[in-house]
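Trainee: Could you walk me through this model, one feature at a time? I'd like to learn how to read each one.

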Amino acid sequence: MNKHMSCALLLLAACGSKGSADNLPSTTPAATRSSALPTDARGGESHCDTKNSDPKYEISEYDTSGDDKPDVRKVFLRIGDGTLARLVLVCRESDLNADGSKDIVRYYSEEGAALREEADRNFDGKMDELTFFQEGQILRQEFDFNGDGKVDTKIYFDKGRPLRAERDLQARSTTERWAPDRWEYYDNGRVVRMGTDVDGDGKVDRWDRDSSTRQQLDLGQSPATTESGAGDQPT
């Protein structure tokens, strides 16, 4: 079975001194992000606006590659006043390939909790991976694998582990309507059940299972993976 699982790259972390915000380009403009960016992913960019002269923000830059060029920028928000004041990380930008453009931008809430992350995995200047977080764990990932500016794959997680994937193989989705034609269910990171919509009516026409799952069913056992009907009624 063809798997399009994308391994998450680890963000670089290093200690450094504060630097000028002009040394590193600002966050990738919204116009170059996926045109299918969902509503719940919008907002938060203001925290990464390094041209904002608001004194409540503090910016630090770091050179993690040793080439004397800052490749990581962190934006902190000052919360509270006087002795109760504290700095909270609200935005982190990373340039992984030293080309001067942001490849990963992670947004945080004003409590410092990760909200979402946008990434350009193929370094073409466009964000093609979007990750949502909830209570410190990955909740959902969305991908633009074919580079057409629209999401074509969504992977849902449970307690940080992949639960199921929805894919639009025939590019039927629009910015207003998500129209997957393949649903995959995982057990310990492995696809154990896959449903495919052949005629584009939004319903599964064919189910496929891996050999071990078939053996479980033949023995009258229940597969460990979730057997919900999400593929029959895609959302």
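Mentor: Start with the hairpin that β10 and β11 form, with 2 residues between them. In its turn, N188 has a positive phi of about 55°. This is a predicted model, in which local features need pLDDT of at least 70 and side-chain atom pairs count only at pLDDT 80 or more, while totals for chains, interfaces and linings use all residues. Residues are numbered from 1 along each chain as its sequence is written, and side-chain values use heavy atoms, with hydrogens and water left out.

Trainee: What counts as a strand, and when do two strands pair?

Mentor: Strands are DSSP runs of E with at least two residues, numbered from the N terminus. Two of them pair if DSSP finds at least two bridges between them. Here, β10 and strand β11 (residues 190-196) pair in the antiparallel sense over 6 bridges. One of the partners to look up is G195 in β11, which bridges to W183.

Trainee: Which strand is joined to β10 by 4 bridges?

Mentor: That's strand β9 (residues 161-167), again antiparallel. Look at R167: its bridge partner in β10 is R182.

Trainee: How enclosed is strand β10?

Mentor: Buried means under 20% relative accessible area, exposed means over 50%, and partly exposed is in between, using a 1.4 Å probe and protein chains only. In strand β10 (residues 182-187), 5 of the 6 residues are buried, so the strand is largely enclosed by the rest of the structure.

Trainee: In what order do the strands of the sheet run?

Mentor: Simply by number: β1-β2-β3-β4-β5-β6-β7-β8-β9-β10-β11-β12, an open sheet of 12 strands with antiparallel pairing. Its edge strands are β1 (57-62) and β12 (206-209), each of which pairs on one side only. Neighbouring strands are turned by 20° against each other on average, direction ignored; the axes behind that angle are lines fitted to C-alpha atoms. For another pairing to inspect, 4 bridges join strand β7 (residues 137-143) to strand β8 (residues 153-158), and these run antiparallel. There, E142 has K154 in β8 as its bridge partner.

Trainee: Now the rings. How many aromatic pairs does the count come to?

Mentor: A pair of aromatic rings is described by the distance of the centres and the angle of the planes. Rings of Phe, Tyr and Trp (its six-membered ring) pair if their centres lie within 6.5 Å; planes under 30 degrees apart count as stacked, over 60 as edge-to-face and the rest as tilted. By this rule, the count comes to 2 aromatic pairs. F143 and F145 are stacked, at 5.0 Å centre to centre and 10° between the planes. F143 is buried at 2% relative accessible area, whereas F145 is partly exposed at 39%.

Trainee: And why is the pair of Y185 and W207 called tilted?

Mentor: Because their planes are at 40°, with the ring centres 6.3 Å apart. Y185 lies in strand β10 and W207 in strand β12, so the pair ties together parts that are 22 residues apart in sequence. Y185 is buried, with a relative accessible area of 1%, while W207 is partly exposed at 29%.

Trainee: Which residue lies over the face of Y107?

Mentor: R116 does, at 4.0 Å from the ring centre. A charge sits over a ring if NZ of Lys or CZ of Arg is within 6 Å of the ring centre and within 35 degrees of the ring normal. R164 lies over the face of Y156 too, at 4.2 Å from the ring centre.

Trainee: Which residues make up the largest nonpolar core?

Mentor: In soluble globular proteins, nonpolar side chains tend to be buried together. A nonpolar core is a set of buried Ala, Val, Leu, Ile, Met, Phe, Trp, Tyr and Cys residues joined through side-chain atoms within 4.5 Å. The largest one has 10 residues: C48, Y57, I59, V75, L77, V90, C91, V105, Y107 and M127. β1, β2, β3 (86-94) and β4 (104-108) each supply at least two residues of this core.

Trainee: Where is D120, and is D120 buried or exposed?

Mentor: D120 is in the loop between β5 (114-119) and β6 (129-134), and counts as buried at 3% relative accessibility. Contact means heavy atoms within 4.5 Å. Leaving aside neighbours within four places in sequence, D120 is in contact with D103, G125, K126, M127 and D128.

Terms used. Axes are lines fitted to C-alpha atoms, for helices over the stretch in contact, and angles run from 0 to 180 degrees between N-to-C directions.
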